[in-house]
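User: I am new to this structure and would like to learn how to read its features. Please take them one at a time.

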Amino acid sequence: MLHIETWKRVLIWLVIVAGLVMALPNAFYPRVERYNDAVAAGQPAEGWADYLPSNLVNLGLDLRGGAHLLAEVRVQDVYEGRMKGLWPEIRDVLRDARDSVGAIRLQDGAPDELRISIANADAMDEAVRRVQGLARPVTSLSGAGANDIEVRAEGDQLVVTLSEAEKQATDERTVRQSLEIIRRRIDEVGTREPTIQRQGSDRILIQVPGLGSASELKDIIGTTAQLTFQPVAGRANSADQAVQPGQEVLPSLDEEGVWYILEEAPVVTGEELVDAQPSFDQNGRPAVTFRFNPAGARKFGDYTGANIGSPFAIVLDDEVISAPVIQSHIPGGSGIITGNFSVEESTNLAVLLRAGALPAGLDFLEERTIGPELGADSIQAGKIACAVAFVLVLGFMWLSYGLFGFFANVALLVNVALIFGLLSAIGATLTLPGIAGIVLTIGMAVDANVLVFERIREELKTARGPARAIELGYERALSAIVDANITTFIVAVILFVMGSGPVRGFSVTLGIGIVTSVFTAIWVTRLFVVMWFERARPKTIEV
């Protein structure tokens, strides 16, 4: 007997209503967008009821406009930094053997190597052995069993370089770390649904919808925010002043024409920061408070305790923010950065420090801004495509199946609403290929109904009565419907897992459309037919 239990009917209607409610904000996009912006800014929100959902379908770069960057990570910068950081360890190891190796001096060389002259060349083997003792195993599967540094002798010079295995491992870590830090920086400023993904071995693709320009995006991610705390050796007269090996000359950030001579090897780096927050100093001027992790706090405390009365430079991106004199031991691992900051500058600095320092610089190979008007054109084209698809499909179903075609058309409208409701609920991003997936879903959504209706036509020829024909039509078409949609859904999953960018946008809407299409074809359309049949009780039906 043609029948659907009451609890199933209630459940079907609840799903329909929930989908329509979740999709509702997209019909009032500007009003909900203003509401969400007000809530995010902590301001009074008007124009949308608090009890209604306010999740919108996020529009991708091609629909909303925004900024596009392709960046290349300068992994060579990391090699140079590793070598500079290794010099104090090598110096201490060789000083312990000064009686045999004699005086040591750091010489000029390539950025990714250390060249150390030794007064007693006869003790070179001992010097090589001692420095090789600093080698550590490479921390990567590809470099298992190899050491991170290579040490060799060239005349009276000791040459230290990174091994090839360590360079490969460093490249991988650097790009991964850059990827994560860029993502955190963009997330910190509240941008929605950015695309940040690796391309090739050392490139990163960054796309942020809704951003005004590519230069604005570069300002967010381009600053390295490399914070270091370095000992001060003195003042310099100019940037070109000659200094001893292991030292560098850096300008003051606030004082024009002031230069500092600093030890290159930092005592503590920004990598050991665990928190940074905008605040105010004792004079009410904007500042940034910071806190180190236990290892950084210990080094910071030991140095300040042993160097009371000495100046200590706080360096941000190769500029000295301040060089205060250490007044007392600072054991807590926390402090404050003061300078001529505005409130906005101190807030931005805190964001950059919290997100972490980029391990290497970025070269922007490609940058462009997609204007909102291009996105508006794409949306308009998508609307036209959807409207044409709707008209053609609705007309075909009505002409082919009459009243049953009308039920399928209503279910199709419900299907599209459910798609947008689910996209809003999961926070998916709608792109132009995603619109193509919706248009394809509109065309495919009635396939299941066509199978059912054709099956009902065949069952009517056996003269078993309209109720039995409808029931058998749905039962016997079910396996074909499920099989066809499962295979398509598997393809959508493969596209999502293996693809990226536009391919993923297409697969998301296609996969969701398949799920909602099966639901509306098997349950929604059948519910409409059953409710009509119970009221009309027709002796014969035409499909």
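Analyst: What follows is a short tour of helix packing, a surface patch and salt bridges.

User: What should I keep in mind before starting?

Analyst: The model is predicted, so local features need pLDDT of at least 70 and side-chain atom pairs count only at pLDDT 80 or more, while totals for chains, interfaces and linings use all residues. Residues are numbered from 1 along each chain as its sequence is written, and side-chain values use heavy atoms, with hydrogens and water left out.

User: How many degrees lie between H14 and helix H15 where they pack?

Analyst: Helices (H or I, at least four residues) and strands (E, at least two) are DSSP runs, numbered from the N terminus. Axes are lines fitted to C-alpha atoms, for helices over the stretch in contact, and angles run from 0 to 180 degrees between N-to-C directions. Here the angle between H14 and helix H15 (residues 502–536) is about 170 degrees, and their axes are 8 Å apart. H14 is therefore roughly antiparallel to H15 (under 35 degrees is roughly parallel, over 145 roughly antiparallel, 65 to 115 roughly perpendicular, and the rest oblique). The contact of H14 with H15 has 22 nonpolar, 5 polar and 2 charged residues. In this count, Ala, Val, Leu, Ile, Met, Phe, Trp, Tyr, Cys and Pro are nonpolar, Asp, Glu, Lys and Arg are charged, and the others, Gly among them, are polar.

User: Which residues form the nonpolar patch on the surface?

Analyst: A patch is made of residues with over 30% relative accessible area and no salt bridge; like charges are joined within 9 Å, nonpolar side chains (Val, Leu, Ile, Met, Phe, Trp, Tyr) within 5 Å. Accessible areas come from the Shrake-Rupley method with a 1.4 Å probe, and for residues only the protein chains shown count as cover. In this model the patch consists of Ile486, Phe489, Ile490, Val493, Ile494, Phe496, Val497, Met498 and Val515, together giving about 840 Å² of accessible area. Helix H14 (residues 466–498) supplies the largest share, 8 residues. Phe489 is placed in H14, and its relative accessible area of 35% makes it partly exposed.

User: How many salt bridges does the structure hold?

Analyst: A salt bridge is a side-chain nitrogen of Lys or Arg within 4 Å of a carboxyl oxygen of Asp or Glu. The structure holds 19 of them. One of these joins Arg136 to Glu89, with the closest N and O atoms 3.3 Å apart. The pair links distant parts of the chain, 47 residues apart: Arg136 is in the loop between helix H6 (124–132) and strand S5 (149–154), and Glu89 is in helix H4 (residues 76–95). Arg136 is partly exposed at 42% relative accessibility, and Glu89 is partly exposed at 31%.

User: Where do Glu454 and Arg457 lie?

Analyst: Both are in helix H13 (residues 447–460), 3 residues apart, about one turn of the helix. Glu454 is partly exposed at 33%, and Arg457 is partly exposed at 28%. Elsewhere, salt bridges that share partners join Glu113, Arg115, Arg152 and Glu154 into one network.

Terms used
Buried means under 20% relative accessible area, exposed over 50%, partly exposed in between (1.4 Å probe, protein chains only).
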